[in-house]
Amino acid sequence: MASEVQTPKMEGDKPSQRTKLRGRAFYESIGSPKLVLAPMVEQSEFAWRMLSRSFLPASEQSNLLAYTPMFHSKMFLEGPKYRDSHFQPLKSAMPSPPDTYHISQLPDSERHLDGNPAFDRPLTVQFCSNDPDDLLGAAKHVAPFCDAVDLNLGCPQGIARRGNYGAFLQETPELIGKMIKKLDEELDVPITAKFRILETKEKTLAYAKTILDAGANILTVHGRRREQKGHNTGLADWKMIRYLRENLPKDTVIFANGNILQHDDIAKCLEATGADGVMTAEGNLYDPTIFAKPPSIGEEGREYWRGRDGKGGYRVDAVFRRYMDIIHKYALGQEPPVRGPLFHPDDPEEPPSPPRDEDEGPPRKRQKQNKPEKGQLKNPNLTAMQAHLFHLLRPLVSKHHNVRDALAKCRMGDIDAYENVLKLTERAVKEGIQAYERDQASAQTTNSAKTNSESAPEGAHDDTQEEELDPYESSLATVARCKRPFWICQPYVRPLPKEAIEKGSMQLSKKEKKRLEEQEAEAKAVGLQPEGRVEKETLETKTSNGHKVEGTTVPVEETQQEDVEIPKEGLVCG
Ligand SMILES: Cc1cc2nc3c(=O)[nH]c(=O)nc-3n(C[C@H](O)[C@H](O)[C@H](O)COP(=O)(O)O)c2cc1C
């Protein structure tokens with residue numbers, strides 16, 4: 001399948017002629033990654049990719065291929081502000097029109113964050129589009145800074161229906177074919193595609209073949225149908241992915257997507273589907289350490305915690321620290337603060353600390369000083385912070401409302417406020433671990449440890465449910481399998497659609513209803529509403545029209561305004 005088109009490609013500051021490889025040969029050339037960090041609107045930005053990779057040893061980092069969030073191809077092509085606020089590969093603005101030779105002459109020191117060969121590769125940049133020229137134009141801007149460009153064929157949201165992109169292109173396979181073919185022929189880097197399955201095996205196979213035959217080099221198969229979104233998300237169908245594996249040409253590179261909640265699920269998915277790699281989105285959002293193998297017993301250090309039952313995970317305070325350090329170093333270009341060691345239960349007792357006043361956030365005066373600078377307002381690494389931390393700290397904030405409230409008050413770019421939330425988090429984790437240790441000690445002495453998960457201390461689990469329940473029938477077994485104490489990164493297990501319906505049909509008491517409404521309003525306020533938000537941007541496009549001047553037609557540039565809807569964070573777009 002590999003073809004031998006010579007294309008210029010930049011490696012560091014040395015321009016080189018590199019063969020554009022295709023299909024499996026391309027996949028092997030980037031290290032045959034088995035782990036794939038999904039494209040996520042406003043959530044798979046540079047800092048998050050760095051955090052996710054940081055838990056893998058350096059020697060294994062090429063085993064993780066990361067995708068950028070989806071960008072709107074027309075906006076990207078025509079809007080310099082949109083481009084520069086979403087993708088920052090150079091210290092200066094990206095040249096437009098793209099200038100591969102100029103870029104190839106730039107020294108390494110001109111490289112900035114996205115796609116930097118020193119730390120942000122392998123990388124795929126994803127676009128949504130419905131126009132081959134827009135897609136190619138946008139893709140040419142990013143090609144010098146990434147390994148591949150991906151076409152989003154999975155977005156199931158109303159805005160994708162209105163904008164005619166994502167999963168709604170299922171209706172026009174010939175348009176999909178045109179877009180992929182154009183990029184396969186004219187772009188310096190390979191084109192790949194991510195799509196959802198259809199209702200039947202036969203239809204899905206025919207659809208996959210169309211995409212493959214047009215020239216897609218990797219197929220990412222999200223094992224859910226277009227209707228499976230929001231409360232109706234349900235489980236992905238791994239059997240359908242297996243069917244594609246067995247019926248597409250053997251050398252097709254396939255990534256399986258869906259149902260990855262914990263590290264162990266990656267191996268299970270590879271086994272069940274026969275895919276080359278496994279992509280995870282929500283699993284990574286709630287637990288950015290999901291790609292890393294757990295350390296051996298006795299090798300936990302301070303960042304990893306293991307309970308007496310052998311179950312464990314990375315501590316949220318440890319992950320939060322790493323995240324903040326990445327924000328300081330890369331997004332703000334400053335040294336991270338010097339931090340003391342994380343709390344460990346074997347540490348000697350500390351004298352009681354003086355009364356604390358951080359809960360309300362840093363003093364007002366300091367808050368004023370910490371207003372974001374102009375350039376930071378559109379920094380994608382800063383705009384994503386609050387939503388990331390609400391995902392990471394989900395179990396913790398449901399118990400520690402002071403952390404939730406402090407995080408909800410954080411304003412974009414106010415790093416002191418986020419540092420304050422980190423302090424509160426560290427304190428909550430310390431208290432949680434200390435309480436666990438006390439419970440374990442007293443359980444041992446009285447020999448009366450409770451096993452019921454309702455009344456068991458944090459960290460104790462009910463394994464009986466795990467064996468008995470079918471995960472397609474009930475989410476309870478999955479909850480039991482994944483539940484960890486609040487100080488540990490853990491996935492959010494969605495109720496199955498029928499459970500959601502049953503829940504909806506339940507008669508709630510007035511008090512319960514009010515509580516749920518309040519929770520919903522809170523989630524909405526911080527951008528965690530499942531359906532997310534849509535932002536309308538007005539795009540100014542210049543068009544050349546023929547105008548009659550004194551009997552002759554002369555081209556005149558006219559500025560037209562066009563409303564384009566782009567999805568904001570929280571929106572599941574694939
Ligand atoms: C917050 C969020 C944003 C997403 N944005 C995108 C996107 O930009 N492009 C895309 O193809 N899929 C997007 N998706 C879908 C995921 O890439 C993935 O296909 C889906 O969540 C199923 O995988 P999972 O079960 O591991 O979550 C998004 C998902 C989430 C949760």
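What percentage of the 574 residues of the protein chain count as buried? In this predicted model, the share of residues that count as buried is 50%.

## Overall make-up

The protein chain contains 23 helices and 14 strands.

## Packing of α16 and α18

Two packed helices are described by the angle between their axes and the distance between the axes. For helix α16 (residues 385–392) and helix α18 (residues 401–409), the angle is about 165° and the axes are 10 Å apart. Since angles over 145 degrees count as roughly antiparallel, α16 and α18 are therefore roughly antiparallel to each other, and their crossing is left-handed.

The residues of α16 that take part are Gln386, Leu389 and Phe390, which meet Arg404, Leu407, Ala408 and Lys409 in α18. Sorted by class, this contact of α16 with α18 comprises four nonpolar residues, one polar residue and two charged residues.

## Two buried residues in helices

Threonine 204 belongs to helix α9 (residues 201–214). Its relative accessible area is 0%, so threonine 204 is buried. When its neighbours within four places in sequence are left aside, threonine 204 is in contact with Ile197, Leu198, Met240 and Leu244.

Aspartate 184 lies in helix α8, and with 13% relative accessibility aspartate 184 also counts as buried, because the term applies under 20% relative accessible area. Again leaving aside neighbours within four places in sequence, the contacts of aspartate 184 are Lys20, Arg22, Ile191, Ala214, Gly215 and Asn217.

Side chains of opposite charge can pair when their charged atoms come close. Which side chain meets that of arginine 121 in a salt bridge? The partner is aspartate 147, with an N to O distance of 3.0 Å. This pair links distant parts of the chain, 26 residues apart: arginine 121 sits in the loop between α5 (100–105) and β5 (123–128), while aspartate 147 sits in the loop between α6 (132–142) and β6 (148–153). Aspartate 147 has 9% relative accessibility and so counts as buried.

## Further salt bridges

Within helix α8 (residues 173–186), glutamate 186 and lysine 182 are four residues apart, and therefore they are separated by about one helical turn. Their side chains meet in a salt bridge, at 3.2 Å from N to O. Is glutamate 186 buried or partly exposed? With a relative accessible area of 38%, glutamate 186 is partly exposed.

Glutamate 227 and arginine 225 form another salt bridge, in which the closest N and O atoms are 3.1 Å apart. Glutamate 227 is partly exposed, its relative accessible area being 42%, and arginine 225, at 31% relative accessibility, likewise counts as partly exposed.

Salt bridges also join residues into a network, whose members are Arg49, Arg53, Asp114 and Asp120.

Key: Residues are numbered from 1 along each chain as its sequence is written. This is a predicted model: local features need pLDDT of at least 70, side-chain atom pairs count only at pLDDT 80 or more; totals for chains, interfaces and linings use all residues. Side-chain values use heavy atoms; hydrogens and water are left out. Axes are lines fitted to C-alpha atoms, for helices over the stretch in contact, and angles run from 0 to 180 degrees between N-to-C directions. Angles under 35 degrees count as roughly parallel, over 145 as roughly antiparallel, 65 to 115 as roughly perpendicular and the rest as oblique. A crossing is left-handed if the near helix is turned anticlockwise from the far one by less than a right angle, and right-handed if clockwise. Contact means heavy atoms within 4.5 Å. Ala, Val, Leu, Ile, Met, Phe, Trp, Tyr, Cys and Pro count as nonpolar, Asp, Glu, Lys and Arg as charged, and the others, Gly among them, as polar. Buried means under 20% relative accessible area, exposed over 50%, partly exposed in between (1.4 Å probe, protein chains only). A salt bridge is a side-chain nitrogen of Lys or Arg within 4 Å of a carboxyl oxygen of Asp or Glu.
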